[in-house]
Amino acid sequence: MARVEGEGALYIKIKDNAVVDVKLKIFEPPRFFEAFLRDRDFKEAPDITARICGICPVAYQMSAVHAMENALGANVNGQLRELRRLLYCGEWIESHVLHIYMLHAPDFLGYDDAIRMAKDHREIVERGLKLKKIGNQIVSLVGGREIHPINVKVGGFYKGFTKAELETLTENLKWARDAAYETVLWTSQFSFPDFERDYEFVSLSHPEEYPFNEGRIISNKGLDIKASEYEDHFEEIHVKHSTALHSVLKERDAYFVGPMARYNLNFDRLPAIAQEAAREAKLGKECRNPFKSIVIRSIETLFACEEALRIVSEYDKPKTPFQVIDVVEGEGFSCTEAPRGILFHRYKIDDCGKILDARIVPPTSQNQKTIENDLRAFVPQHIDLPDDKLTWQCEQAIRNYDPCISCSTHFLKLDVERS
Amino acid sequence: MTKKKPKLAVWKFASCDGCQLSLLDCEDDLLAVAQEIEIANFPEASRAVLKGPYDLSLVEGSITTPHDEERIHKIRKSSKFLVTIGACATSGGIQALRNFKDVNEFISIVYANPSYIETLKKSTAIADHVRVDFELRGCPINKAQLVDVISSYLNKRKPVTPAHSVCIDCKRKGIVCVMVSKGDPCLGPVTHAGCDALCPSYNRGCFGCYGPKENPNTGALSAELKRLGKTNEEILLAFRSFNAYADPFHKESEAHEE
């Protein structure tokens, strides 16, 4: 499978013109993060877990520091919290724009890749590359570098920033906000298959903000829990064809995380400009066609540009770039919104800060069952297509979820019993 | 008469994907690079696949499964020039932490059905299996160095990736030594340059993500870390991270096992 992050393949079995089986096979070799996190120091969690994914390392760093701070009974607030949101804005912009322009748009316009697309639509591709670059600039500045930032620590940051340093981003962010708005309009004009299902959308929810780092975990079918209750309601199943575990809601089965879930559950928290763009794109407050995820990703990119501008303009340099936190034993939980959806971390640490146990549930594994169910519903509708066209349509359907496959192979399910 | 463009292929093994993403992060240079080289096989970026042999192959990720052990040989055979990119490919990566433990225990910790999982005891570098023409260090690699490697290949010259320590770059940038001035542990004296002294410029000690420099004096650094009050366990963890299985770091961490 191409234009997804990581190694995966699609298997469809058709017999007498009926779909007999659909499998999303994951070949990603397991790296066993949760196993080797044991016996490491709690301060290493953000740097180590970042290596789970090169596209969304900030998401791992955020979930890691929030979970550790939860274990230590600490709360990082004020401008340090705003800086974390700013960093997350940078990642959302970079990740979403990579996906929209380079991985998904070529499907809608009939190109094998963005380079070929650039031959006919050079200015559009250049707009995408410039927009992605601005997302990366935020991450480079606040995080130190674009991939595997080095400035994030439990308690805050190693190095702080003056307002003037952050304001170097402002001009570019204003351009980015306009470019993101154009991206919403551009993607809204693509041709979308008529496809909807009755999904259970799951995302964070916060009383005031469009969610990034904090909130309760909710769904459109009645779920409303704290991050610490995640494992009471969700479980993972190990299937033979995938080294990525399938995540389900204990009460109800498959569910859907990511931009469309966030949008449907938090529309009212979007700033005016994003809501306006949604209206102009003829997208209601709710959307259940996963092919339109590309438009919703564009709206979230616009939100992230607007939010970054707000944070920079309201920024007031804190006295120190981090809070000092005493080390105590404990167990901590967190759930933050990676570009692809909710990312859950849990850690147990001893009184010296050594990690005893770790559990990490990435968004893509949470969408796997839903992706397969989508394909099961989608393939029969297109069964008359020649194989190569059917394959491409199915790949496009999988890319609706912007799957991050390297991430999706890292989970902890059992404890080893020693006698 | 137009000259045929050399064919580029990008391959993935056990990795986070960050190093190949660096190529897509060359926003200003990407279209220019695509003018000079044919992107023939780069699944993350394109559905189009041109058959080998390939002129230049970039390999990311470490070898961790029997299937991958075979696959790397096929890739070597179909590549004229093979460049490994990133700590996973050059030293086995952070996942080489399994090499110091029992992988069967790891499997049973993570997977309910261990019989579905096929994996090797160790995570190893690409060069442990096939001849490698050039190694680009980093976790992740520096994208400017990646463009330099591709440009060097096209112009038949040696890439500019000095193997001296991070300390040299700190001195060049006028950064006050974090170890001397604050007592922060720093692997800079034994770590390969390439990041432009990134961590010291952000008020923290280097943690060695570019791997060992040429001829590192890891024993002397350990003695200094001890003098700063670090325990054997802390020194062991410092050397046993993203390049844990690179020989000098591997040996130094073992010297501190209790």
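Guide: In chain B of this predicted model, Pro53(B) is found in the loop that runs between β2 (38-41) and β3 (54-60), and the peptide bond that joins Gly52(B) to Pro53(B) is cis, with omega at about 5°. A cis bond is also found from Cys139(B) to Pro140(B), where omega is near 5°; here the proline lies in the loop between β5 (134-136) and α6 of chain B.

The buried residues of α6(B) are Lys143(B), Gln145(B), Leu146(B), Val149(B), Ile150(B) and Tyr153(B). Because they cover an arc of only 160° around the axis, these residues lie on the same side of α6(B). The spacing can be read against the general rule that an α-helix has 3.6 residues a turn, so residues three or four places apart point the same way. Just after α6(B), Lys156(B) takes a positive phi of about 55°.

His148(A), a residue other than glycine, has phi near 55°, and its place is in the loop between α6 (122-143) and β3 (152-153) of chain A. His148(A) is buried, because 24 other C-beta atoms lie within 10 Å, where 20 or more are required. Lys282(A), also not a glycine, has a positive phi near 60° and lies in the loop between α11 (272-280) and α12 (293-314) of chain A. With 9 C-beta neighbours inside 10 Å, however, Lys282(A) counts as exposed, since the limit for that class is 12 or fewer.

Chain A also holds an open sheet, in which 3 strands follow the order β5-β6-β7 with antiparallel pairing. Its edges are β5 (202-205) and β7 (224-225) of chain A, each of which has a single partner strand, so one side of each is left without a neighbour in the sheet. Between β5(A) and strand β6 (residues 216-219) of chain A, which run antiparallel, there are 4 bridges, and one pairing can be named: Ser205(A) has Arg216(A) as its bridge partner in β6(A). Across β5 and β6 of chain A lies helix α10 (residues 259-266), which runs at about 50° to β5(A).

Note on methods
Residues numbered from 1 in each chain as written. Chains lettered and ligands numbered in written order. Predicted model: local features only at pLDDT ≥ 70, side-chain atom pairs only at ≥ 80, totals over all residues. Pairing = 2+ DSSP bridges. Helix = DSSP H or I, 4+ residues; strand = E, 2+ residues; numbered from the N terminus. Contact = placed C-beta atoms within 7 Å. Axes fitted to C-alpha atoms, helices over the stretch in contact; angles between N-to-C directions. Arc of directions from axis to C-beta.
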